[in-house]
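Here are some short notes to read alongside the model.

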Amino acid sequence: MNVSDVANQFSVAGKLVMVKPTGTGNVNDTYLAIFRTTFSEERFILQRINRRVFQRPEWVMLNIRIVTEHVHNRLEAERDAADRIWQLPRIIEAKDGRDFFIDEQGDFWRAMTLIASATAHETTQSAEHAFECGTVLGHFHNLISDLDPNRLHDTLPGFHQTPGYLARYHETLATPAAGRILNSSLESRRLARFVQQRQGLAHRLEQAREKGVLKTRLIHGDPKVTNIMIDEFTGKGTSIIDLDTVKPGLIHYDFGDALRSTCNPAGEEVENLNEVYFDADLCESYVKGYMTHARFFLTEADRAFLYDSIRLLAFELGLRFFQDYLAGNVYFKVRYPEQNLMRARVQFKLCESIEARERQIRNVLEEAWR
Ligand code: GN1
Ligand code: MG
């Protein structure tokens, strides 16, 4: 069964004219499909869910169903008071009425509506762009803040829990294959030392959660700059996309992940490491945008861990890439064998840059709250 056959399994009017790969996701396979009728056409996003990563794809879809219905209801109710038309993709059902289609290999496919005349930029374009990214995440957090996290499944146990990634890293490090890489690569040994020196950091958020200082809430899970849609006409953020990892967690995972992504103007896939740094001005804009909505739900305890979350999420993503490189690239898709090593170097460089600007970042966080 080819991708066109799969596209034809969903409830869309007209005839399929084109389906082609789109996006830069590291986990799922994403396609754009176009259907035409006599009068018009419909474009939508078709995705094969990575079953090695998401072991219960039907739970992923159930979570998306619950969250999108909740958010769509709130957006409708708040529409007249809003300063823009907020959007969120919805599920396009399969012809049998289910939220997914399973092919003969047992792979799960889903179709989602396309947020049109909007762009998901690969990297941050300007301070205004960063502000809009922050606004979109704050708005989204606000919209899901009244949805009970217990209604959603844990579709990816251990996701963003750094101590778990650290433990897995140590297991991998002890394998002969990883040993061989470390023996022959100076750079890998340097990264291993980098991790070694920051082991303590890994526990910071989880300890606060265990002590009850930070509470489990619903999160997006992947609010990187590429997952924020910017309106092509107004430049305003209109939607957050990629709802795969919407599940219970700490909102610090989102905050830290968004900032480590949005404030690194070079992006995640960089050839020249010298371009990588944490831009405190972009941070200021992002946080201002975020706070326009987040001041209604952030507690004082939440605020105390915001800086740590930025540093930790850069460290964690670097650790995840590095572990996957040592394990033979089994989780993140790669185009060349050293890609995960390079991605890890980028995140660790970013982490150092965050550490070097700690004072400045803490000031920005304080100021934005006032
Ligand atoms: C993965 O597949 P994609 O690109 O949406 C990863 C995120 C990382 C991101 C880094 C389920 O997201 O956690 O932050 O790569 N998603 C999963 O680009 O592991
Ligand atoms: Mg994602």
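Contact here means heavy atoms within 4.5 Å, and helices (H or I, at least four residues) and strands (E, at least two) are DSSP runs, numbered from the N terminus. This is a predicted model: local features need pLDDT of at least 70, side-chain atom pairs count only at pLDDT 80 or more, and totals for chains, interfaces and linings use all residues. Residues are numbered from 1 along each chain as its sequence is written, ligands are numbered from 1 and chains lettered from A in the order in which they are written, and side-chain values use heavy atoms, with hydrogens and water left out.

1. Helix α11 (residues 306–326) meets helix α12 (residues 339–356) through residues including Y307, F315 and F322 in α11 and L341, F348 and I354 in α12. The residues of this contact divide into 15 nonpolar (Ala, Val, Leu, Ile, Met, Phe, Trp, Tyr, Cys and Pro), four charged (Asp, Glu, Lys and Arg) and three polar (the others, Gly among them).

2. The magnesium ion (ligand 2) is coordinated by D222 (OD) and D242 (OD), at 2.0 Å; donors are N, O and S atoms within 2.8 Å of the metal (3.2 Å for Na, K and Ca), and sites may look incomplete because water is not among the atoms. D222 lies in the loop between β8 and β9 and D242 in the loop between β10 and β11, so the pair ties together parts 20 residues apart in sequence.

3. L137, in helix α3 (residues 127–144), is buried (under 20% relative accessible area, with a 1.4 Å probe and protein chains only), because its relative accessibility is 0%.

How values were computed. Buried means under 20% relative accessible area, exposed over 50%, partly exposed in between (1.4 Å probe, protein chains only).
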